[in-house]
Amino acid sequence: FFLLLCVCAEMILLGQFALLFGLGVVVSVVIHGLHLEHNISGSVDSGLDSSLSSPISWVPITCGCGAVVTGYLYPVVDKLVSSRVSSPGDWPQVLRVLIGFIGIAYASAKLPFDGINVEMSCSLAAMAVGLWVIGDRSLVGFLVSLSIAMVGTAITQYLVYSGVYRQTNPDFFLIRSWIPSLLFSGGVAFGNLGRLLAVVRLELLLWLWARERERE
């Protein structure tokens, strides 16, 4: 039975990985489409192989991997801080946060960010923090999402500085000023999804254990 329980745990982890990665890819494609429609999507240096350097070829995979890392990171940090996973809410709440994340991405495409626009940048940052208030409210979630935003922004700036990647009409150190807010809200969305999947995984394993105990 122990071997069967280990196999079930591995299968559930693989399913969690597939769900996070798949949603990350789908959401990135939607966001890229929104930005492409409004002519603000990132473009790569023309000296590189277009088939490999086009954002549509590597951005979805990168976002999928980022969703997996975020989804696993949230419950791990929760356990390190408080020895338990913070309550992520139910499926409708998690889905509302994901939809809110897409809404913030849509706002980043629609709001006028031509030149340095502090008011619009602050408005989008307020939306991102509001999403955290609605869907999380934990200090761990805020700090992890803030770290994700900082690291993601630094990586994007490095790609720009190295000439691998650039964005149209940059207004914040050669990138768009909404990128930190978008990454923060993405951390909240996929982090809470990872928390919920961790709780579901634990409940399934406990259910299997209880069924085996009943048989004995």
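I take "buried" to mean a relative accessible area under 20%. By that criterion arginine 195 and aspartate 78 are both buried. The model I examined is a predicted one.

**Entry 1. Salt bridges**

I searched the whole structure for salt bridges and found two. In one of them, the side chains of arginine 195 and aspartate 78 meet with an N to O distance of 2.7 Å. This pair links distant parts of the chain, since arginine 195 sits in helix α7 and aspartate 78 in helix α3, 117 residues apart.

I then looked up aspartate 136, which forms a salt bridge with arginine 195, the closest N and O atoms being 3.0 Å apart. Aspartate 136 belongs to the loop between α5 and α6 while arginine 195 belongs to helix α7, so this pair ties together parts that are 59 residues apart in sequence. Aspartate 136, like arginine 195, is buried. Through shared partners, the salt bridges join Asp78, Asp136 and Arg195 into one network.

**Entry 2. The loop between α5 and α6**

I checked arginine 137, which also lies in the loop between α5 and α6. Its phi is near 70 degrees, a positive value in a residue other than glycine. For background, most residues other than glycine have a negative phi. Is arginine 137 buried or exposed? Arginine 137 is exposed, because its relative accessible area is 63% and the cut-off for exposed is over 50%.

**Entry 3. Nonpolar core**

I looked up the largest nonpolar core and counted 32 residues in it; Phe101, Leu182, Phe190 and Leu193 have the most contacts inside it. The elements that give two or more residues to this core are α1 (2–37), α3 (55–82), α4 (91–110), α5 (118–135), α6 (139–161) and α7 (179–215). Of these, α7 gives the most, with nine residues. Leaving aside residues up to four places away in sequence, I find that leucine 182 touches Ile31, His35, Phe101, Ile104 and Ala105.

Aspartate 90 caps the N-terminal end of α4, with a side-chain oxygen 3.1 Å from the backbone nitrogen of glutamine 93. The buried residues of α4 include Val97, Leu98, Phe101, Ile104 and Ala105.

For α6, the 23 residues should span 33 Å at 1.5 Å a residue, and the end C-alpha atoms are 33 Å apart, which agrees. Among the buried residues of α6 are Val140, Val144, Ala149, Thr153 and Val160.

**Entry 4. Aromatic pairs**

My search of the whole structure returned four aromatic pairs. Phenylalanine 17 and phenylalanine 21 form a stacked pair, 6.1 Å centre to centre with 5 degrees between the planes. These two phenylalanines are four residues apart in helix α1, so about one helical turn separates phenylalanine 17 from phenylalanine 21. Phenylalanine 17 is partly exposed at a relative accessible area of 40%, and phenylalanine 21 is partly exposed at 25%.

Phenylalanine 101 and phenylalanine 190 form an edge-to-face pair, 6.2 Å centre to centre with 80 degrees between the planes. This pair links distant parts of the chain, phenylalanine 101 being in helix α4 and phenylalanine 190 in helix α7, 89 residues apart. Both phenylalanine 101 and phenylalanine 190 are buried. Finally, I noted that ring pairs link Trp132, Phe142 and Phe184 into a cluster.

Terms used. Residues numbered from 1 in each chain as written. Heavy atoms only, no water. Core = buried A, V, L, I, M, F, W, Y, C linked by side-chain atoms within 4.5 Å. Buried < 20%, exposed > 50% of the residue type's maximum accessible area, 1.4 Å probe, protein only. Contact = heavy atoms within 4.5 Å. Polar contact = N/O pair within 3.5 Å; in protein donor to acceptor, adjacent residues only side chain to side chain. Expected span 1.5 Å × (residues − 1). Salt bridge = Lys/Arg side-chain N within 4 Å of Asp/Glu carboxyl O. Phe/Tyr/Trp six-rings, centres within 6.5 Å; stacked < 30°, edge-to-face > 60°.
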